[in-house]
Amino acid sequence: MKRGSVIGNIAKDLGLETSRLSARKARIDTDGSDKHYCDINLRNGDLMVAERIDREGLCGDKASCVLKQELMLESPLELHRISLHVQDINDNSPQFNNELIHIDISESADKGARFPIEEAHDADIGKYSVQTYNLQRNDHFILGVGSNSVELVLNKELDRENLKEINLLLTALDGGSPQRSGTVVIHITVLDANDNVPVFSQAVYKASVPENSPLGTVVLTVSATDADEGLNGDVTYHFGHISEDIKSMFAMDPKTGDIKLTTTVDFETASSFELRVTAKDGLGLTSYAKVIIDVTDINDNAPIISLKSLTNPIPENVSPGTEVGIINVQDRDSENNRQVRCSIQQNVPFKLVPSIKNYYSLVTTGQLDRELVSDYNITITATDEGSPPLSSSKTVQLSVADINDNPPVFEEQSYSAYVTENNKPGSTLCSVTARDPDWRQNGTVIYSLLAGEVNGAPMSSYLSVNGDTGIIHAVRSFDYEQFRSFKVHVMARDNGSPPLSSNVTVSVFISDVNDNSPQILYPAPEGNSFMTELVPKAAHGGSLVSKVIAVDADSGQNAWLSYHIVKSTDPGLFTIGVHSGEIRTQRDISESDSMKQNLIVSVKDNGQPSLSATCSMYLLISDNLAEVPELKDISYDEKNSKLTSYLIIALVSVSTFFLTFIIIILGVRFCRRRKPRLLFDGAVAIPSAYLPPNYADVDGTGTLRSAYNYDAYLTTGSRTSDFKFVTSYNDNTLPADQTLRKSPSDFADVFGDCDASPEIGMYMF
């Protein structure tokens, strides 16, 4: 049959789904030394001829020729044996061993004498083999054909004097249609009397020889005897009709009949040989015998390991017992020499499980982890049962395919970032790093910020993270006074399917810089208001005159404040507490001291560089309101015109109140005073809303280091007066938010009764 010819539909015969043939890797399998004669069409399941099949080459002259093939299927493993009976066709003609046959016949031969002729050989079998012989018509010989012999039969005596040589044409015919034939010429020489034909000692000789025997080994010796004497009794030996392959393996000594090896014989190639030998005497009479030589097997073939199927790479999440490969082991020896044991010697999570015939399944025995072992070199060893045993090995390389089974893991459980306030947008705060032991995209880590808020604003408006490197950048400039720290959650996600992720907390701490100047709460900073304090002339050295109150929105040493008098009318008269801001007299006030005292106080913080703020404190030294000069002289000449206008308006208003005040004083002076009084408009009340949100003053620990008592005496209607007479008190005090005040109506009793005390007490910190 031609290559590609369809033998049959094997899928239909076995009941297999043609759509599954490709998925199950259907294929025709043979031993490693056999030719691949057949193949399967995976689309329709047809069994086709892959290589020309020669029955004579496969089976010789055997009556039955069976070609054995195997159909292998995977998932699950199935093995179907296929037996192909190769039918003979008449593709060979009969052939004689020689083109010319020489026969010497004595003229004294009797009628009916028989002379053997070597048969013709036809490689075909059955009816296509040699069926009949035809002998050229002649006067002396006819053809005698037996079951296993062809003979010339003398039908009429010979007369050498009349006929010395005869040439006859012998034709062999097979039974094919059309018939094929082969011919040989028989040359007969008529001799004087040679009455006896050589006779072999045995009709069939049998011998055995171990395979791989050395060259020149005598396999056996044939012998034949001839009763004639002299030349007629000399016997020579030759091979009859044998193939060229056999002729190349054996040689025959024509004198002794020894059959020797000329090449090594291999049991696995041919286990027996059949030879035809002839014995011929000196005058050409010939006889024939058969020689059968059996080759005995020795253990000369190591097992052959063939990898028939392999799943590579293997997913690391395969369950134990999963089949990943199919191994076939063949040993061409016979009997015990071909019994094979297979094993894996290494400590690997794989084993061999015997399957069908000489097949083994390579299966997993444990859980695989690519992150621990990514590749395996599995050595399979096969050992036969021969003596001595032979073994072979094969290394199978397996790779473990990665699956996304590991989430990214941060190098630290938490991260801290420190940044100074007023940082530049885009500056780097810190970086986070996560490792993923998976491979390629499963191990590629992408960073992102989880949604969150800081002071009501989304986290993305404060920070950003580089998705590739994990570097965290500031999106905006931070202000320590708004918030000092916050937390952000960073997610590390791999690129697997489905992706895995993990989170880490990054704490961002903002450190303070000295970016806020001190804020003076009392008195108001220069240029914002016009405040004047009255100091009695009787004030002694160390008396508390006033207090500068200031705060700083910064923290730490940046908020440590110090107070200094940078300019004063009389530098030696007043001093200020460096840390408390308290203004006290350094000495007793004398008559020579100027009534108008002007102090410029600087408040500095402890930052680097330090920041400062200034305020002006206007002091009037007087025990008597009549002695108070016009306030316009107190102001500095360097005030701008706008401020001067405001001061003029203020002074006019004050003058009006001053006249009223004088009238009241004249009435009050009729009452004898026991001590100097302070003229004070009201408590120095500082609203809490004016203070910064992060400012707190604790008794004895904050900017106000001591508690003070004030006793003020006011005239009625003096609510808007900026003039205050201040003295220090150490009596019982009240909290600042509980300042005692009296309404103007409370003064009615005072002026109605001159003996009554006009004193109004007010206590404050």
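Two strands pair if DSSP finds at least two bridges between them. The exercises below concern a predicted model.

**Exercise 1. Pairing of two strands**

Task: Determine in which sense strand E21 and strand E22 pair, and over how many bridges.

Solution. 
Step 1. Locate the strands: E21 covers residues 272–280 and E22 covers residues 286–296.
Step 2. Recall that strands of a sheet pair through backbone hydrogen bonds, in either a parallel or an antiparallel manner.
Step 3. For E21 and E22 the sense is antiparallel, and the pairing extends over nine bridges.
Step 4. As an example of facing residues, Phe 273 has Ile 293 of E22 opposite.

**Exercise 2. The sheet around this pair**

Task: State the order of the strands in the open sheet of four strands, and explain why one side of strand E15 and of strand E18 has no neighbour in the sheet.

Solution. 
Step 1. The order is E15-E22-E21-E18, and the pairing is mixed.

**Exercise 3. A hairpin**

Task: Describe how strand E5 and strand E6 are joined, and identify which residue of their hairpin takes a positive phi.

Solution. 
Step 1. Strand E5 (residues 66–73) and strand E6 (residues 78–85) run antiparallel and are joined by eight bridges.
Step 2. Within this pair, Val 66 stands opposite His 85 in E6.
Step 3. Four residues lie between the strands of the hairpin, and Ser 75 takes a positive phi near 55°.

**Exercise 4. The largest nonpolar core**

Task: Find how many residues form the largest nonpolar core and which of them have the most contacts inside it.

Solution. 
Step 1. The core has 29 residues, and those with the most contacts inside it are Leu 429, Leu 463, Ile 472, Phe 478, Phe 486 and Val 506.
Step 2. At least two residues of this core come from each of strands E32 (414–420), E33 (428–431), E35 (445–449), E38 (463–465), E39 (471–474), E40 (485–494) and E41 (501–511).
Step 3. Another core, of 27 residues, lies apart from this one; Val 222, Phe 239, Leu 275 and Val 291 are among its residues.
Step 4. Return to Leu 463: leaving out residues up to four places away in sequence, the residues touched by Leu 463 include Leu 429, Ile 472, Phe 478 and Phe 486.

**Exercise 5. Aromatic pairs**

Task: Classify the ring pair of Phe 200 and Tyr 205 and the ring pair of Phe 478 and Phe 486.

Solution. 
Step 1. The structure holds 13 aromatic pairs.
Step 2. The cut-off for edge-to-face is an angle between planes over 60 degrees.
Step 3. The ring centres of Phe 200 and Tyr 205 are 6.4 Å apart and their planes are at 75°, so this pair is edge-to-face.
Step 4. For Phe 478 and Phe 486 the centres are 5.8 Å apart and the planes are at 65°, so this pair is edge-to-face.
Step 5. Consider burial, for which the cut-off is under 20% relative accessible area. Phe 200 counts as buried at 11%, and Tyr 205 counts as buried at 4%. Phe 478 is buried at 1%, and Phe 486 is buried at 8%.
Step 6. Ring pairs link Phe 478 and Phe 486 with Tyr 462 and Phe 483 into a cluster. Over the face of Tyr 462 lies Arg 476, at 4.2 Å from the ring centre.

**Exercise 6. Backbone features in loops**

Task: Identify where Pro 313 and Pro 523 lie, and decide whether Lys 357 is buried or exposed.

Solution. 
Step 1. Pro 313 is in the loop between strand E23 (304–310) and strand E24 (314–315); the peptide bond from Asn 312 to Pro 313 is cis, with omega near 5°.
Step 2. Pro 523 is in the loop between strand E42 (519–522) and strand E43 (532–535); the peptide bond from Tyr 522 to Pro 523 is cis, with omega near -10°.
Step 3. Lys 357 belongs to the loop between strand E27 (350–354) and strand E28 (359–364), and its phi is near 55°, a positive value in a residue other than glycine.
Step 4. Exposed means over 50% relative accessible area; Lys 357 has 51%, so Lys 357 is exposed.

Notes: Residues are numbered from 1 along each chain as its sequence is written. This is a predicted model: local features need pLDDT of at least 70, side-chain atom pairs count only at pLDDT 80 or more; totals for chains, interfaces and linings use all residues. Side-chain values use heavy atoms; hydrogens and water are left out. A nonpolar core is a set of buried Ala, Val, Leu, Ile, Met, Phe, Trp, Tyr and Cys residues joined through side-chain atoms within 4.5 Å. Buried means under 20% relative accessible area, exposed over 50%, partly exposed in between (1.4 Å probe, protein chains only). Contact means heavy atoms within 4.5 Å. Rings of Phe, Tyr and Trp (its six-membered ring) pair if their centres lie within 6.5 Å; planes under 30 degrees apart count as stacked, over 60 as edge-to-face and the rest as tilted. A charge sits over a ring if NZ of Lys or CZ of Arg is within 6 Å of the ring centre and within 35 degrees of the ring normal.
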